[in-house]
Amino acid sequence: MSTPSGTPDTPPAGTPDEVLLTARAARFAEVALANITREYPNAPAHLLAGPHELVPPRTLHPAFYGAYDWHSSVHMHWLLLRLLRLPWDDGGEPERTAALREEAVRTLDAHLTAASLDAEAAYLRAHPWFERPYGWAWLLALTAESAAPGDEGGRDAPVQDCVRDAARRWHAALAPAAATVADLLLAWLPKATYPVRHGTHANSAFALGLVLDSAERAGQPQLVTPVAEKIRAWYLTDHGAAGRWEPSGQDFLSPLLCEADAVRRVLPPGEFADWLDRFLPELRDAGEFLPPPRISDTADPQIGHLLGLCLSRAAALRALADALPQDDPRVPVLTAAATANLTAGLPATTSGDFTTDHWLATFAALALGGGVRA
């Protein structure tokens, strides 16, 4: 039996990760709503062509003006839509939880309109380097998440009709922006001679992995083959990497794990297991692998990135473990590292500090929810 909001009266049993995400869903939704409707502080990545372009953020980005910067706004919209697909632990307050879910639908309806997203698509076409490739990948992930949740059964089946119908509206409105991103990606990939390997937004492997996970459900299947070919060209010959190379001081992504996770997506399991041996040979003998970083100042906007590193590591480590045979001796090493990093990063996701609150819960959802296609 469900409340009108679609939230089960008794949260269903699930994996420990699902239980953790269910328990945090309402709080994460509150954070996402606060972020995507908060225009300031704002860090626009807009190159001013003249004084006439000194305009408020929402003039340039009517859909994605909030959450400090464009990419965070996009992936906080993704987070909110992802959460609407899940049951929430109502904490004994079912009416409050139902109202929060309804507010989430209203807010997404207000932002993800055809007019606003046509304006976002026009901006992307006029600024073809803007948010490449990280923001592009997240826009495709958002579009994929809007692809009629509930129609495919399984985990999505309990989603209530109003959310399913709303998601269809959002998906239709997002389609032109997703098509624009696909065009930009296809124009950029032949020119991208070398990957970017550092652990922040420009990381090529993270973005292309996200694109592969999202392209078909985002209505852009033409991306799958060229993106997979680029991953193979860039990474299949790599070998001899080492965990001691990480982290850098402001990473929120692990270059090693992003690369391995991208390659996981394009190789059959047996070939991937062999490639991982060549790429990270230390995993065979590792006692402890990629322990959580020491974070000296969580409120520092750059040092605080390391909290996100914990969570993105957890997501990638679990994906790698799942891709290997369960009797592979590397599985417990990867799983232990995932648990340690998740434990270190999760408490900071709703700290009340906007420095981290504007983005961190998204990466917690990736770690707890199995990536962009749970």
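Predicted model: local features only at pLDDT ≥ 70, side-chain atom pairs only at ≥ 80, totals over all residues.
Q: Which residues lie nearest the centre of the largest cavity, and what makes a space a cavity and not a pocket?
A: Nearest the centre lie Asn42, Pro44, Ala45, His61 and Trp70, out of 15 lining residues, and the space in this cavity is about 120 Å³. On a 1 Å grid over the protein atoms alone, a cavity is a set of points where a 1.4 Å probe fits but cannot get out, whereas a pocket is an open set with protein on both sides within 12 Å along at least five of seven lines, and lining residues have an atom within 4 Å of a point.

Q: What is the place of Ser214, and why is Ser214 called buried?
A: Ser214 is part of helix 8. Its relative accessibility is 1%, and because buried means under 20% relative accessible area (exposed is over 50%, partly exposed in between, with a 1.4 Å probe and protein chains only), Ser214 counts as buried.

Q: How do you know that the side chain of Ser214 reaches the backbone oxygen of Leu210?
A: The distance from the side chain of Ser214 to that oxygen is 2.8 Å, to be set against the limit for a polar contact, which is a pair of N or O atoms within 3.5 Å; within protein, one must be able to donate a hydrogen and the other to accept it, and residues adjacent in sequence count only if both atoms are side-chain atoms. Leaving aside residues up to four places away in sequence, Ser214 also touches Leu140, Ala141, Ala144 and Val372, where contact means heavy atoms within 4.5 Å.

Q: How do you know that the reach of helix 6 is close to what is expected?
A: From its first C-alpha to its last, helix 6 reaches 17 Å, close to the 16 Å expected, since the expected span is 1.5 Å times one less than the number of residues.

Q: Why is Ala67 called buried, and what is its phi?
A: Ala67 has a relative accessible area of 0%, and is therefore buried. Its phi is positive, about 65 degrees, although Ala67 is not a glycine, and it lies in the loop between helix 2 and helix 3. Most residues other than glycine have a negative phi, and most peptide bonds are trans.

Q: Which peptide bond has omega of about 0 degrees, and which has omega near -5 degrees?
A: The bond that joins Tyr40 and Pro41 is cis with omega of about 0 degrees, and the bond from Arg132 to Pro133 is cis with omega near -5 degrees. Pro41 lies in the loop between helix 1 and helix 2, whereas Pro133 lies in the loop between helix 5 and helix 6.

Definitions and conventions: Residues numbered from 1 in each chain as written. Heavy atoms only, no water. Helix = DSSP H or I, 4+ residues; strand = E, 2+ residues; numbered from the N terminus. Points joined across faces, edges and corners; volume = space filled by probe spheres on them.
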